[in-house]
Amino acid sequence: MNIVNGFKFLNGRDQFDCNVELSRVRNHFIPFFDHAIEIDPFSSVRKRSYIKLRYNITTGLVSVADNQQYFQTGDANVADGGKIREFHQTPSEFIDTELFRVLLKNNKEYLERYSEQSSLEEMTLGIHLIRYDILEGDISYASPVWLHVDNEPLVFVHLIDLSLSVIGGDNIIADSNSNPTHVVRLENFMDTLILDKSVQHAVTPLSSKNGQSKRDVILFTVEDTIQNAS
Ligand SMILES: [Fe+2]
């Protein structure tokens, strides 16, 4: 499914009407993020939380899904695919945050493209809050760690926070032969990378050049029906 011709970068500042709105949304959401995440039970190099939502593109109604398990196939994730993972659940108050309303509003045109191509009006949104939390000399990394194509037909990587002292954490885009074609660095609040399944991608492992560093992101994803078979 080709939704953004592989990938698209959106500048964080452009996602808000003004700097006052940007600052207000950011200042309200960062404490929520801090409290929502826990150590990833499948890898202590990350902290994270997850919530699976149901979303109807026509009515705009959002609800928390009954099933909160996360599944990827083995070919989409060589590290953790093929098994059900249960993460710490993001508090359901997430859907009442102003940030979530901004995400839904700004991502809607792409969700509509997905809806048209899939003929699905009702979709599953998987929302991952992920912190790469690194001390100088340590390392953190994503799962899977290198180039892959997700099961998810549409992925938005929204930056929440990035320490200036972070080394790595760059998004790599590659063609189907695994040749890298682009490097994108999300630096500012709500800088966004949109990915579809027509490219491979990865994020480079992270370290800290000075003390403790972090990279906080929200992965706002549309899950494939294969991930929610029960
Ligand atoms: Fe991915």
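Predicted model: local features only at pLDDT ≥ 70, side-chain atom pairs only at ≥ 80, totals over all residues.

1. On the H1 side the meeting residues are Val 25, His 28 and Phe 29, and on the H2 side they are Glu 98, Leu 99 and Val 102.

2. Length of H2. Helix H2 covers residues 98–118, which is 21 residues. At 1.5 Å a residue it should span 30 Å, and its end C-alpha atoms are 28 Å apart, so the two figures agree.

3. Buried side of H2. Which residues of H2 are buried? They are Leu 99, Phe 100, Leu 103 and Asn 107. The cover over the buried residues of H2 includes helix H1 (19–36), strand S8 (154–162) and strand S15 (212–222). As background, an α-helix has 3.6 residues a turn, so residues three or four places apart point the same way. Leu 99 also belongs to the contact with H1 described in point 1.

4. The residue after H2. Ser 119 follows H2 and is found in the loop between H2 and S7. Its phi is near 60°, a positive value in a residue other than glycine. Is Ser 119 buried or exposed? Ser 119 counts as exposed because it has 6 C-beta neighbours inside 10 Å, and the limit for exposed is 12 or fewer.

5. Another positive phi. Met 190 has phi near 70°, again a positive value in a residue other than glycine. The loop that holds Met 190 runs between strand S11 (180–184) and strand S12 (192–196). Met 190 is buried, because 24 other C-beta atoms lie within 10 Å and the threshold is 20 or more. A reader checking backbone geometry may want to view Met 190, which is buried, alongside Ser 119, which is exposed.

6. A cis peptide bond. The bond from Ser 143 to Pro 144 is cis, with omega near 0°. Pro 144 is placed in the loop between strand S7 (122–135) and S8. Strand S8 is also part of the cover over the buried residues of H2.

7. Ser 49. This residue is found in strand S3 (residues 46–56). Ser 49 is buried because 21 other C-beta atoms lie within 10 Å, where 20 or more are required. Beyond its neighbours within four places in sequence, Ser 49 is in contact with Ala 36, Ile 37, Glu 38, Phe 87, His 88, Gln 89, Thr 90 and Leu 129. Ser 49 and Glu 86 are 37 residues apart in sequence, with a C-alpha to C-alpha separation of 9.4 Å.

8. The chain as a whole. The chain contains two helices and 15 strands. Its radius of gyration is 17 Å, close to the 17 Å that the globule rule gives for 230 residues, so the chain is as compact as a globular protein of that length. The C-alpha trace spans about 50 × 45 × 30 Å along its principal axes.

9. Burial and contact range. Buried residues account for 36% of the 230 residues. Of the contacts between residues at least 6 apart in sequence, 81% join residues at least 24 apart.

Terms used:
Residues numbered from 1 in each chain as written. Helix = DSSP H or I, 4+ residues; strand = E, 2+ residues; numbered from the N terminus. Expected span 1.5 Å × (residues − 1). Contact = placed C-beta atoms within 7 Å. Rg over C-alpha atoms; globule rule 2.2 N^0.38 Å.
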